[in-house]
Each structure stands twice: as C-alpha cells, then as structure tokens.
Amino acid sequence: MRVAIASRIFEPEPSAASFRLAALAEAFARHGHDVAVLTVRPPAEAGDARSSTGTADQAGDDARPYRVLRFPVLRDRSGYVRGYLPYLTFDVPLCLRILFGPKRDVIIAEPPPTTGFFVRIAAAVRRTPYVYYAADVWSDAASQTGAHRAVIAILGVVERLAWRGARRIISVSPEVTDRLRVLEPRVDPVTVGNGVDVARFQKRIDTSGDAPLRGAPAAGFVYAGTASEWHGADILIEAYARARGRLAGIPLMFIGGGAERDRLEHRVDELGLTESVSFSRALPAEDIGPVLAESVAAVATLRPGAGYDFAFPTKLWSSAACGAPLIHVGPGPAAAFVRTEVDGEPLGEAVPYDPEAVAAALVRAAERYRAEGTRPERRDAVRTWAVDHVSLTSVADTVVRSVSSELSR
C-alpha cells in the first residue's frame with residue numbers, strides 16, 4: 001500500500017504530533033508499506049538540536065525507513081507554523097503536491113482542519129481515500145483564543161468538511177471521539193489512544209540506581225511542552241510566587257514554546273521571579289528525557305472552561321516515561337491518569353485549577369524531594385511501567401490495522 005502522511009509539523013521539531021506521526025510512519029514501513037511524509041522544512045534551531053544529539057536515529061531523513069518530502073513554509077516569530085497565513089503556505093502547496101504527485105492508496109491528514117480541507121479537495125480529484133487523524137478539536141480551541149465569531153464559525157465549517165470527506169477518522173481518546181460525534185453526528189470515529197515514543201525519551205537517562213540522578217535540584221519543577229491559551233500555564237507562575245518562600249530555592253523551568261510564551265515571561269518579570277523561573281526552547285526527546293528524569297516534579301496544566309476540558313496534555317505521558325513524579329492542574333482525563341498506581345503508589349497528584357491548591361502541591365513535592373531525594377528505584381519502576389502503558393508503538397500499529405481494514409472493505 002502506498003501511504004502519504006500530510007502534516008505541517010514533523011521531526012525533528014519536538015512536539016506530540018511529531019512523535020505520533022513519526023511512530024505511525026515507522027509502523028506503516030514496518031508492516032511493509034511504501035510511506036512518504038509530506039511536510040515542511042524544519043526551523044534552523046530544530047535542525048541544530050537534531051544534529052547535536054549525535055545519534056544514528058537522528059542522523060537525518062535519509063536514515064529513516066520511509067521518505068520525507070519537505071517544502072518551505074512561513075513561520076511566526078517564535079518559529080512555529082501557526083496562524084491562518086502560515087497554514088495556507090503549507091496547505092496550498094500540499095494540495096498541488098497531491099494533485100500532481102505520485103498516486104497514493106491513502107493519505108493521512110493531520111490537523112489543522114485547513115489541511116484536511118485541502119487534502120479532501122486534492123484526494124477527491126485523484127480519487128484517493130484519506131484518513132483524518134483527529135488529535136483534537138480545533139474549532140473548540142479557537143473559541144477560547146479571542147478569535148472573531150465569524151472566524152470561529154468558518155473554522156467549524158472547514159473542520160466538519162474535513163471530517164465528512166474522510167474514509168475514516170482516527171481519534172486519540174474517548175473524549176475527543178465523543179466531542180466529534182456531538183459536533184458532527186454523521187461521522188463515526190475510531191478511538192486508538194495516544195502516547196509517546198518511550199524509547200527515545202528514555203534513551204539518555206542514567207538508570208544505574210547507584211546514586212541519586214544527577215542535577216535534580218537544578219531541574220526543579222518542569223513544564224515541558226507547548227503553553228497555549230487552553231493550557232493556562234500562567235497559574236504555575238502565580239502559584240510559584242505564593243509558595244516561593246517554602247520551596248527551598250527549587251526552581252521552575254518551562255521548556256518549549258507556544259502562544260502564551262511571551263505572556264508567561266512578562267508575568268515572571270512582573271513578579272520578580274527571573275532568578276527562579278527559567279525558559280528554554282523546545283528540546284528533542286533524547287535531551288529532555290534526562291531533565292524530566294531528574295526533576296522534582298513534572299507539571300501539566302489545563303485551563304477549565306476553555307472548551308478543552310476533554311483534552312489530555314501529552315506532556316504527562318512523556319514525563320511518566322522518564323519516571324518523573326507528576327502534578328496535573330485542572331480538569332480532564334489526565335486527573336485520573338496521574339492517580340494511577342504503580343506498585344501501590346500513584347504516579348502523582350491532581351489538583352484543581354486554583355493558585356493556592358497548586359502552590360500547596362508544589363510545596364508537598366518539594367518536601368518529598370527534600371525528605372527522600374529522587375528515589376531512583378521508584379523512578380525505574382515507573383519507567384518500566386510506561387513501556388507497556390504509554391508507548392506510541394502499539395498505538396501506531398493499531399492505526400495501521402484500522403486503515404488497512406477500512407481500505408480492504
């Protein structure tokens with residue numbers, strides 16, 4: 001089967017979508033299919049980060065068991081392909097690449113919905129079925145960004161058109177599936193789950209167990225991933241400011257970008273926290289793994305009432321894969337996940353989206369760290385558990401089987 005995967009983001013850019021789609025491409029290739037990824041040229045810093053790892057599996061697209069076909073694209077100030085004009089600089093050339101490129105047996109379309117819409121047009125002309133990979137619901141997210149109601153309405157129409165034309169819709173969670181059915185009753189999504197590339201996150205972690213993992217006090221509390229409007233990560237800064245005197249100097253670290261990054265940095269300046277709260281660019285999975293493994297706790301947030309209460313911050317899976325204690329702030333299925341017990345002890349703690357509650361959780365994590373250190377044996381046990389429970393490999397295999405089954409009908 002000749003498979004094309006169309007996405008505005010792909011490795012080496014570190015993101016949940018990049019890891020998920022790379023695992024899917026590898027799974028299709030592993031099952032004997034011919035795979036081409038139609039994506040964009042990475043930003044310069046992503047290429048530098050990739051080459052700095054010095055690992056064979058990051059040696060470049062030529063080392064992959066599938067083809068990666070890249071095209072230049074417009075990016076915003078922070079280097080992301082984000083916003084309607086940047087999306088179109090990917091979507092329009094993508095449409096032409098499908099129309100005039102090799103014939104495919106199926107196309108996998110990744111959000112945003114504009115990509116799904118243009119894939120639908122090109123696929124209809126080429127009489128090629130396509131699959132829409134619904135990692136989230138964009139029209140819900142747009143309603144919380146301050147976008148004009150007309151823009152939100154148009155996006156909703158475009159998104160539903162992308163869903164309706166798909167031969168199959170793949171959903172990452174039961175919550176996303178339920179939301180899709182509410183918004184478009186005519187579709188019947190297949191829930192496959194989600195996860196992370198556990199092996200890559202664990203690749204550079206010191207698991208000797210002979211001594212506490214290196215650098216834990218420096219790593220501190222880690223928020224590793226995108227900080228967008230619906231995440232509401234600013235609550236961590238407010239909570240940290242309230243708890244600062246009880247945290248014994250343990251810092252807070254934000255790793256990654258997102259629409260809220262500038263606002264977060266501005267708030268840190270306002271509160272005089274620049275010596276305790278740091279910001280770093282996004283890192284490859286291999287590099288971020290040791291940071292999470294050495295952290296006092298990994299933190300994820302989800303702003304309630306933002307239209308995304310059903311979402312799951314994938315940073316919790318990557319943090320669990322590294323053995324980090326977890327703190328989830330806000331609603332959603334992540335609250336139940338962090339309460340999952342491994343060897344009789346929960347992965348972490350879920351707290352309401354309230355600065356006082358978050359401050360108390362940070363203090364409790366700091367006190368546990370001061371009393372017990374990093375507990376290497378415990379973190380090893382969590383990492384072992386994660387291999388079987390949050391790995392993208394099995395999810396990708398499920399998608400391959402689902403697509404193959406649908407096309408054979």
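Residues are numbered from 1 along each chain as its sequence is written, and side-chain values use heavy atoms, with hydrogens and water left out. Because the model is predicted, local features need pLDDT of at least 70 and side-chain atom pairs count only at pLDDT 80 or more, whereas totals for chains, interfaces and linings use all residues.

Secondary structure elements are DSSP runs numbered from the N terminus, helices being H or I runs of at least four residues and strands being E runs of at least two. Two strands are taken to pair if DSSP finds at least two bridges between them. Burial is expressed as relative accessible area, computed with a 1.4 Å probe on protein chains only: buried means under 20%, exposed over 50%, and partly exposed in between.

Strand β11 spans residues 297–301 and pairs with β12 in the parallel sense over four bridges. Within this pairing, V299 stands opposite I327 of β12. Strand β8 (residues 221–224) also runs parallel to β11, to which two bridges join it; here F221 is found opposite A297. Five of the five residues of β11 are buried, so the strand is largely enclosed by the rest of the structure. The side of β11 to which A297, V299 and T301 point is buried, as are A298 and A300, which point the other way.

Strand β12 (residues 326–329) is likewise covered on both faces, with L326 and H328 buried on one side and I327 and V329 buried on the other. Besides its pairing with β11, β12 is joined by four bridges to the parallel strand β15 (residues 348–351), where A350 is the bridge partner of H328.

Salt bridges were assigned where a side-chain nitrogen of Lys or Arg lies within 4 Å of a carboxyl oxygen of Asp or Glu. R64 is buried at a relative accessible area of 12%, and D61 is buried at 19%. Both residues belong to a network of salt bridges that links E11, D61, R64, R70, R200 and E286.

A salt bridge is also formed between E184 and R164, whose closest N and O atoms are 2.8 Å apart. Since E184 lies in the loop between α7 (174–183) and β7 (190–191) and R164 in helix α6 (residues 149–165), the pair ties together parts that are 20 residues apart in sequence. E184 is buried, at 3% relative accessibility, whereas R164 is partly exposed, at 37%.

In the salt bridge of E406 with R168, the closest N and O atoms are 2.9 Å apart. E406 is located in helix α17 (residues 392–407) and R168 in strand β6 (residues 168–171), so this pair ties together parts that are 238 residues apart in sequence. E406 counts as buried at 8% relative accessibility, and R168 is buried with a relative accessible area of 17%.
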